[in-house]
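Subject: Structure handover

Hello,

Please find the structure below, with the sequence beside it. My notes on what was found follow.

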Amino acid sequence: MTPSDFIAKWKNGGDERRDSQPFFEDLCRLLGHATPRETDPDHTHFTYEYGAAKTSGGNGWADVWKKGHFGLEFKGTHKDLDAAYTQLKNYADALENPPLLIVCDLVRFRIHTNFTSTVSKRYEFTVSDLDKFETRQLLDAAFRDPERLRPSVTRAIVTQEAADRFTDLATALRKREPDAHHVAHFLNRLIFCMFAEDIGLLPSHIFTELVENSLSYPERFAPRASALFVAMHKGGDLNFKNIEWFNGGLFDDDRAIALTGEELRLLLIACKLDWSEIEPSIFGTLFERGLDPGKRGQLGAHYTDPTTIMKIVGPVIVEPLLAEWEAEKAELAKQIDKAKRTVSKAAQTRFNSFLERLRAFTVLDPACGSGNFLYVALRALKDLEKRILIEAEAMGLPRQFPGIGPQAVKGIEINDYAAELARVTIWIGEIQWMRQNGFSMSKNPILKPLDQIECRDALLNADGSEATWPLADVIVGNPPFLGDKKMIGELGEIYVETLRKTYSGRVAGGADFVCYWFEKARLSIESADLQRAGLVATNSIRGGKNREVLKAICERGRIFNAWSDESWINEGAAVRVSLIAFGNSHSAAELDGFPAGRIFADLTSAGEHSNADLTLAMPIQENRGSCFQGSVKVGNFDITGESARIWLMQPNAIGGKNSEVLRPLLNAKDITTRQRGVWIVDFASKSVTEAAGYEHPFGHVEKFVKPYRSENRDQSRRENWWLHGRVGTDIRRAVVGLDRVIVSPRVSKHRLFIWVSPRIYCDDATVTIARSDDTFFGILHSRFHEIWSLRMCTYLGVGNDPRYTPTTCFETFPFPHGLTPNIPAADYAIDPRAVRIAAAAVALNETRERWLNPPEWTYRVPEVVAGYPDRIIAKPGFEADLKKRTLTNLYNERPAWLNNLHIALDEAVAAAYGWEWPLADDEILSRLFVLNQARIAG
C-alpha cells in the first residue's frame, strides 16, 4: 500500500470497533511489516487485544501490543486521546512497559516515549502527514527499532540542571538572610510552585507570570508571593484563577522573602526549566546541597542512583511482599470459577483482606536524609500494588483505585533542611507516579501532612536516654558514615560519651557511628516490633569492632541478602560500602547477587571461599607480643634528610648527640614505592628537660608541634607535647637486640613484607613484626598467610585496599607447629622445614632487592654518622628508570621469575604444615581455621 492509497482510504477516520484492526493492517502494509495475524498466530509477542483473556472479559489492556516495542490504543475519530493515553499508562506494567505508548483516533497519532529514566517526549501527526518520509520513519521506528526514538535527555540531567540553576538563588539568599530555616522553607515553596505549574496543578503558569511581572518592580514580588501562598494554604482565587488547596504544612503561612532584581532573574531562569520531569530519587540529594550551607562543598557531586537503592529495597520490601501475593493468588484461583466468569464473595473478601494488609504496610528510614530511600521504597510499594490490582483484575476481580500513598513511609532526620526536603521529595514523587500511571491525584488537600517524617535525633533523647523509633514493618536506609576516630570531632565529646554509655554492652566502644543503627534495628526485630531491615554501611563493618553488631545479628537472627563491597557516593565522596538485609525472610540467602548458604558476619558465606565461619577465629596465645602497629606521631615531627644530616653533625651545649633523637622515617608509601628520605625527631620517653638539650631537634618540635598539640583535647598529649602521641614502648622493647625486623604496610593492594633496620622509625601506617629470621619472613610472605590476612582484614577507602591489623590478621594466624612466634629462631634452626622455608625466603628477598636496586643503576652512600642504613642513590642517567622500580609496580606486573620464587616458597611452607601443594584457597582457609580452633582450645 502506498502512502497516497493509505491517506485516501483513511483521511476521514472511522469507527473504533469496526475499523481499528483493518486500519492497523493497512498501516502494517504501508510500512512493509507483517501483520499480527501473519507473524504471531499464538499471540505471544505481536497481537490484538492483548490481555483480553480475562475472566471478566472486556477490551484488553491494549488494542495492539508488540513486545518490547509498543502498546497501541485506538479511539473513534475525534474521541479523547488523553483518555486513551491514560488507559495505556494504567496498564503499562501489564504490557511489560514497552518503550512506546501510542494512541490513535484513526486520523491523529500520538507517540509517547516510555523509556525508563528519560524525559518523556511526544510525537504528533495525522494520517495526511504520512506522505512525508520523516513521518513514516517515526512509525517505522516504533515497529522495528524503538531506540531510535529514545530521548537524549535523562531525568537525572533535568534534575541536575534544575538544582544547579536554583543553587545560585539559594546562595544569594543565604548571604543576606539570617534565618537559615526560613530561607530553606521559602526556597522549598518556590521549588514546589515551579513543579506544580509545570504539571498543571497551578493554572496558566501563574508562578512564572508572577516572577516575570515583578522583574521591573522587585518590591512587588514578596506581597504577590504571599498572596499565592495564602491561596495554596486554603484554596481560593488569585487573579481570577482558581487555586487548589495544597498546604500539607509546606504552605502553612504567607511568609515570603523579598527578592532583588538579580535574584528574580535567577528565579526566572529556574522557572523556564521543565520541573515536571525532575527525578525524585536524586532530587533531595541535589537540592540539599544547594539549600544547606553545610553541604556547599558537595555541589556538583554525584548521587546514589535508584537502581543501587533497589539492592536494599528489593529484598527487604518487594520480594517478600511479592512472594506473599503469589501464595495469595494461588489460593484465590481456587475460589474463582473461570468457566462461569464469576468471583465468589469469599474470594473478594480474601482479596480485600490482603489489600488491607498491603496498604497498612509501613517503611521507616531512621536516618532519611532528603528522602531518596523513602521515595524509592514508596514507588516500589505503589508499583507492586498496581501490579497486584492488574493481575487481580485479570482473574476477574473488580478494578480498584490504588490505596498506597505517602502514609506508607516514615522517617527520622536530625537536619531540618533535609527533613523538609524529604517531605517535598515524597510529595513530588507521589504526584508524578499518579500522573505517569494514569491515575488522578487526591485533593483537598493535594499535599497530605507528612508529620511522620520527624526532625530529631534517632539515637539519643535530649536527656541522654535511648531514642525510640516509630513502629514500622521494615527499615531501610543509609545511616551516617562516621568512623570511630572522627565521631568526637563531628559530634562533640559529650555526645559521644553519652552515646557509648547509653549503648554500652550492645555496641563496642570503638565502633563506627553506623553500627548504632544496626543494633537498634536488630533489637527491634528480636522484640518483634519489626520484620526486616536493610541498611548501608561502609565496608569496614565486616571487620574489627564494627563486626560485633553483625555477629549479634547472625547469632540471634539471619542476614538473608548482602552486597559485601559496592561503590557508593556519601556526602559527595566516593566510598566502598556493604549493603545488608537481615531479619525475618523466607527467601534463600543471596550474597553479591548469587545464591549463598549461611551468610556470616564478615559477609562471606559457606561455600564462597570455605565452609568455615572465619568470624569465629580468635587470637592465639602463642602469637601475642610479636606484631605491632607503628607509633603515632600526632604532630609535625618530620624533617628533611638534608636537615637531619646537618643536625647530626651539630654539637649540643649540654652534651648528647643528635643521632640519639633523629631517625629515618618509614611509612606505607616508602614501602610500596621508593623511600622519600624523610627523617623524624623522636625523643622516645625523655623528659622535656632532657629533650631541650638537643637544641635543633627540640627547636623544631617547639615551633611546629607545640602550637598544634596545645589544642589537643587529650590532656596527656597537650602536656607532653614534645613526645609522640603514642610512644610505642611495647615495640621499642620487642626489637631490642635484633639487627633487623619485618615491616609491612597496614593498607596496601598487595600484602608485602620487607626487612628494615630497627634504627628506622616506622609510623602508624605500618606494622612491625619483631623477628629477624628468614623462616618467619617466608611464612608471612606465603600464600597461606596472604589469603588468611585477606579474609581477616578490613578494607579501606575508595581503592578498597586490604588493611592488615595485628590482632585479626597476625594473632589469629596458625603458624606451622614448631615454627610459632613464641619459639626463638635458634630453637628450630636445624629443623629441615625451617631451613627449606628460609632458603626460599632468602632467594625471594635477594632477587627482589636486585630488581628494585640494580647495582648497575645505583650506588650506596653511608650516612654522615655511623649506625644508620646506607642511602641508595641513582647513578647519573638512571634516575627516571629507578623511580619506576617499586614493589607495587613489581607485584602489579608479577613477572614469571617472581611468580616462580613465590611458588617455591609456598611449596616449602605447605610442606611445613604437612600438606600437599597446590591447594585451592578455600581449602587452605578451611584447614587453617581448623588449626586456629584447635590452638585456642588448647
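Leaving aside its neighbours within four places in sequence, which residues is Val474 in contact with? They are Val316, Ile317, Phe361, Thr362, Val363, Leu364, Leu530 and Arg532, where contact means heavy atoms within 4.5 Å.

Before the rest, some ground rules. This is a predicted model, in which local features need pLDDT of at least 70 and side-chain atom pairs count only at pLDDT 80 or more, while totals for chains, interfaces and linings use all residues. Residues are numbered from 1 along each chain as its sequence is written, and side-chain values use heavy atoms, with hydrogens and water left out.

Back to Val474. This residue is found in strand S14, residues 474–477. Helices (H or I, at least four residues) and strands (E, at least two) are DSSP runs, numbered from the N terminus. Val474 is buried because its relative accessible area is 0%; buried means under 20%, exposed over 50%, and partly exposed in between, with a 1.4 Å probe and protein chains only. One of its contacts is Val316. Val316 is 158 residues from Val474 in sequence, yet their C-alpha atoms are 7.2 Å apart.

The whole chain

The chain has 938 residues, of which 55% are buried. It contains 34 helices and 31 strands. Its C-alpha atoms fill a box of roughly 105 × 70 × 65 Å, taken along the principal axes. Of the contacts between residues at least 6 apart in sequence, 70% join residues at least 24 apart.

The chain exposes about 39,800 Å², and carbon and sulfur atoms supply 51% of that. Accessible areas come from the Shrake-Rupley method with a 1.4 Å probe, and for residues only the protein chains shown count as cover.

There are 114 positive and 124 negative charges, and their mean positions are 1 Å apart. Lys and Arg count as positive and Asp and Glu as negative, while His and the chain ends are not counted. The place of a charge is NZ of Lys, CZ of Arg, CG of Asp or CD of Glu.

The second largest pocket

About 1,600 Å³ of space lies in the second largest pocket. It is lined by 49 residues, and the closest to its centre are Asn114, Arg155, Gln432, Gln436 and Asn437. A pocket is an open set of points on a 1 Å grid over the protein atoms alone, where a 1.4 Å probe fits, with protein on both sides within 12 Å along at least five of seven lines; lining residues have an atom within 4 Å of a point. Grid points are joined across faces, edges and corners, and the volume is the space filled by probe spheres set on the points.

Which element supplies the largest share of this lining? Helix H14 does, with 8 residues. Helix H4 (81–90), strand S5 (108–113), helix H12 (306–334), helix H14 (372–395) and helix H15 (416–436) each supply at least two.

Leu378 and Gly405

Leu378 lies in helix H14 and counts as buried because its relative accessibility is 1%. Not counting residues up to four places away in sequence, Leu378 touches Ile404, Gly405, Pro406, Ala408, Val409, Ile426 and Glu430. The C-alpha atoms of Leu378 and Val363 are separated by 8.3 Å, and the two residues are 15 apart along the chain.

Gly405 is found in the loop between H14 and strand S12 (409–413). With a relative accessible area of 4%, Gly405 is buried too. Leaving aside neighbours within four places in sequence, Gly405 is in contact with Leu378, Lys382 and Glu430.

Backbone details

Two cis peptide bonds can be noted. One runs from Asn444 to Pro445, with omega near 0°; Pro445 lies in the loop between H15 and strand S13 (453–455). Another runs from Trp917 to Pro918, with omega near 10°, and Pro918 is found in the loop between helix H33 (896–913) and helix H34 (921–936).

Asn97 is not a glycine, but has a positive phi of about 50°. Its place is in the loop between H4 and strand S4 (100–104). Is Asn97 buried or partly exposed? Asn97 counts as partly exposed because its relative accessibility is 40%.

Ala684, also not a glycine, has a positive phi of about 50°. Ala684 lies in the loop between strand S23 (679–681) and helix H22 (688–692), and counts as partly exposed at 24% relative accessibility.

Regards
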